[in-house]
Amino acid sequence: MQIYLDNASTTKVCPEAAASALSAMTECFGNPSSDHSIGRAAERIIKDARGHIAKALDCKSSQLYFTSCGTESDNWAIINGARYNSRAGHHIISSAAEHDAVLRSLDVLKNEGYEISLLTPKSDGSIDPGEVALNLREDTCLVTLMTVNNETGAITGIEQISKLLKAKGSKALFHTDAVQAFMKVPFSAAKCGADMVSVSGHKIHAPKGIGALYIKAGLNLPQFLVGGKQESGKRAGTENVPHIAAFGEAARIAVEDFDDNFAHMKGLSDYTRQKLSELGIQTIGAGSPHIISLSMPGYKSQVIMNALDAQGICVSRSSACKKGGRSHVLEAIGLKPNVIDGALRLGISRFTAKEDIDIFLQAIAKAQLLRHR
Ligand code: PLP
């Protein structure tokens, strides 16, 4: 038996996405830049996939650039965005609850002399737009804030923040890391008002190693990878056609079934939270239906994870890429050390069944009993 409840770390590739990747690898294997039939077939795959992802993000195909992952999208938007807009100033607003892909990009800029204001998240992990207003300066060149927090699921009001930036006449570029929002909660690149939006394939049942960056029309963001003329000259390197095909297919299906998937995940999330509360287990934050952060103070996350793993149940302690390190998000929220050390993160997907949750709940209840004996 295997119960996978770590869908915020990554998701299983759906059969349709896997089939489209296989076909792109074995049939339409040409170089999309080659001017012959197999090359043109590969180019068509990219065009179709871009269309599906653009529809999912609610933007134009021409505003979407493929990258190798969400991390590359964040690096590109933040590092090149700040440098490009440095005539506006050298001040950046972000938050202490961002993913490492954002925080480490900010380190690069800090070393170049940029001043970073890292906002403290609210108790659920989201950012108060009022904090952005308080920290905004004449010389702010970039604001980068995630839409859905990858550890607590909290949702930040991106549209509200972009309206605020406009109302204040700010020259800052606005980027949002929407890796955990894309196809999990209603999200529109066009409506959210951000200049740049990062997304990643492997969170929506496409393979790992494919991402995209939305760049608002009119923003001439300098390219990050230099070389050939791929991606309208914005991102060099022969395109990863199989992964792009799979990403497009995963997005197409996710759009078709969005309402049903959302309702399914929300139902499971509400049920889990209710049952955890009946067991006296606290949850941290809320928002997106696919993430549930919980804590059992006095227990060690790794010990509970190992016990669950031994029963075939996969969960995580915080962001998987921390590789066991302490959660900076839960620290930024200001939780007590024993709450942080006993934290677990559940990630739900459209493939999660109620029985999976029930088995997890039984295992957690058993772990609690053992402790109190
Ligand atoms: N941003 C957030 C919020 C994430 O959760 C992740 C992955 O966990 C990333 C960025 C990085 O995406 P990728 O794994 O595609 O590099």
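For the residue classes used on this tour, Ala, Val, Leu, Ile, Met, Phe, Trp, Tyr, Cys and Pro count as nonpolar, Asp, Glu, Lys and Arg as charged, and the others, Gly among them, as polar. The structure is a predicted model, in which local features need pLDDT of at least 70 and side-chain atom pairs count only at pLDDT 80 or more, while totals for chains, interfaces and linings use all residues. Residues are numbered from 1 along each chain as its sequence is written, and side-chain values use heavy atoms, with hydrogens and water left out.

**Whole protein**

Begin with the complete protein, shown as a cartoon. It contains 13 helices and 12 strands; these are DSSP runs numbered from the N terminus (helices H or I, at least four residues; strands E, at least two). Along the principal axes, the C-alpha atoms fill a box of roughly 70 × 55 × 35 Å. The radius of gyration, taken over C-alpha atoms, is 21 Å, which agrees with the value near 21 Å for a compact globule of 373 residues (the globule rule is 2.2 Å times the number of residues to the power 0.38).

**The ligand**

Now display the polar contacts, pairs of N or O atoms within 3.5 Å. An oxygen atom of the ligand lies 2.7 Å from a side-chain N or O atom of Ser200. For the side chain of Gln180, the corresponding distance to a ligand oxygen atom is 2.9 Å. At Gly70, a backbone N or O atom is 2.8 Å from an oxygen atom of the ligand. The ligand taken alone exposes 390 Å², of which the protein buries 90% (Shrake-Rupley method, 1.4 Å probe).

**The second largest pocket**

Move to Glu43, Arg50, Glu231, Ser232 and Glu239, the closest to the centre of the second largest pocket among its 15 lining residues. A pocket is an open set of points on a 1 Å grid over the protein atoms alone, with protein on both sides within 12 Å along at least five of seven lines; lining residues have an atom within 4 Å of a point. The space here is about 270 Å³, a volume being that filled by probe spheres set on the points, which are joined across faces, edges and corners. Helix H2 gives the most to the lining, 4 residues. The lining comprises 4 nonpolar, 5 polar and 6 charged residues.

**The largest cavity**

Finally, select Met183, Lys184, Ile204, His205, Ala254, Asn261, Met265, Ser349 and Arg350, which line the largest cavity. In a cavity, a 1.4 Å probe fits but cannot get out. The volume of the largest cavity is about 70 Å³.

Definitions and conventions: Polar contact = N/O pair within 3.5 Å; in protein donor to acceptor, adjacent residues only side chain to side chain.
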